[in-house]
Amino acid sequence: MAVEGEKKPVLEMVQADGADEGCVTFVLHDEDHTLGNSLRYMIMKTVDVDFCGYTITHPSESKINFRIQTRGGIPATEPLRRGLNDLTDVCQHVLNTFQARVNEFKERQEQPME
């Protein structure tokens, strides 16, 4: 149990004894379906991933169990890292596009009517 003031990890790796690096469950604390489903989608686009899924153990717990199984001896951490980076890039693109449209709208509002 975590002592008060002590930071708990954001990410834990759970691996069965004797399992290879291509079959790992990651426990993501303080996360929910918002990250789980988006990240699962990004990771499943990787050709080296056989399986990717997540569960929320209980509605009152804010953590997800995220399972990745790969083929070809690729460690499961690679598609996780790539998926997080790709998801960050997509979110940044959406944010930039949204901000550009807001700025365009504001500029049109400031122009005098003819």
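**Getting to know this predicted model**

Colleague: In which helix is the place of G83?

Modeller: A word on the ground rules: this is a predicted model, in which local features need pLDDT of at least 70 and side-chain atom pairs count only at pLDDT 80 or more, while totals for chains, interfaces and linings use all residues. Residues are numbered from 1 along each chain as its sequence is written, and side-chain values use heavy atoms, leaving out hydrogens and water. Helices (H or I, at least four residues) and strands (E, at least two) are DSSP runs numbered from the N terminus. On that basis, G83 belongs to helix α2 (residues 77-110).

Colleague: Is G83 buried or exposed, and which residues is it in contact with, leaving aside its neighbours within four places in sequence?

Modeller: The relative accessible area of G83 is 2%, so this residue is buried; the cut-offs are under 20% for buried, over 50% for exposed and partly exposed in between, with a 1.4 Å probe and protein chains only. The C-alpha atoms of G83 and L39 are separated by 6.2 Å, although the two residues are 44 apart along the chain. Contact means heavy atoms within 4.5 Å, and beyond its neighbours within four places in sequence, G83 touches L39, M42 and I43.

Colleague: What does L84 count as by relative accessibility?

Modeller: L84 is also found in helix α2. With 34% relative accessibility, L84 counts as partly exposed.

Colleague: What pattern does the protein chain follow along the sequence?

Modeller: The chain has two helices and four strands. Reading along the sequence, they come in the order β-β-α-β-β-α.

Colleague: How many residues of strand β2 are buried?

Modeller: In a regular strand the side chains alternate between the two faces of the sheet. In β2, C23, T25, V27 and H29 on one side are buried, and so are V24, F26 and L28 on the other. Strand β2 (residues 23-29) is therefore largely enclosed by the rest of the structure, with a buried count of seven of the seven.

Colleague: How many bridges does β2 form with β4?

Modeller: Strands pair if DSSP finds at least two bridges between them. On the β1 side (residues 11-14), four bridges make an antiparallel pair with β2, and E12 has V27 as its bridge partner. Towards β4 (residues 63-70) the pairing is also antiparallel, with H29 bridged to K63. The number of bridges between β2 and β4 is seven.

Colleague: What is the phi of D30, and why does it stand out?

Modeller: Most residues other than glycine have a negative phi. D30 lies in the loop between β2 and α1 (33-44) and is exposed, with a relative accessible area of 53%. D30 is not a glycine, yet its phi is positive, at about 55 degrees.

Colleague: How many disulfides does a search of the whole structure find?

Modeller: A disulfide is a pair of cysteine sulfur atoms within 2.5 Å. The search of the whole structure comes back with zero disulfides; for C23, the nearest cysteine sulfur, that of C52, is 12 Å away. The sulfur of C91 is 16 Å from the closest cysteine sulfur, in C52, which is too far for a bond. So even with C23 buried at 16% relative accessibility and C91 partly exposed at 46%, the number of disulfides found is zero.

Colleague: The structure holds one aromatic pair; which residues form it?

Modeller: Rings of Phe, Tyr and Trp (its six-membered ring) pair if their centres lie within 6.5 Å, and planes under 30 degrees apart count as stacked, over 60 as edge-to-face and the rest as tilted. In the one aromatic pair here, the centres are 6.5 Å apart and the planes are at 15 degrees, so the rings of Y54 and F66 are stacked. The partners sit 12 residues apart, in strand β3 (residues 49-55) and strand β4. Both are buried, and their names are Y54 and F66.

Colleague: What radius of gyration does the protein chain have?

Modeller: The radius is taken over C-alpha atoms, and the globule rule is 2.2 Å times the number of residues to the power 0.38. For a compact globule of 114 residues the value would be near 13 Å. The C-alpha atoms here fill a box of roughly 75 × 40 × 25 Å along the principal axes, and the radius of gyration of the chain is 20 Å.
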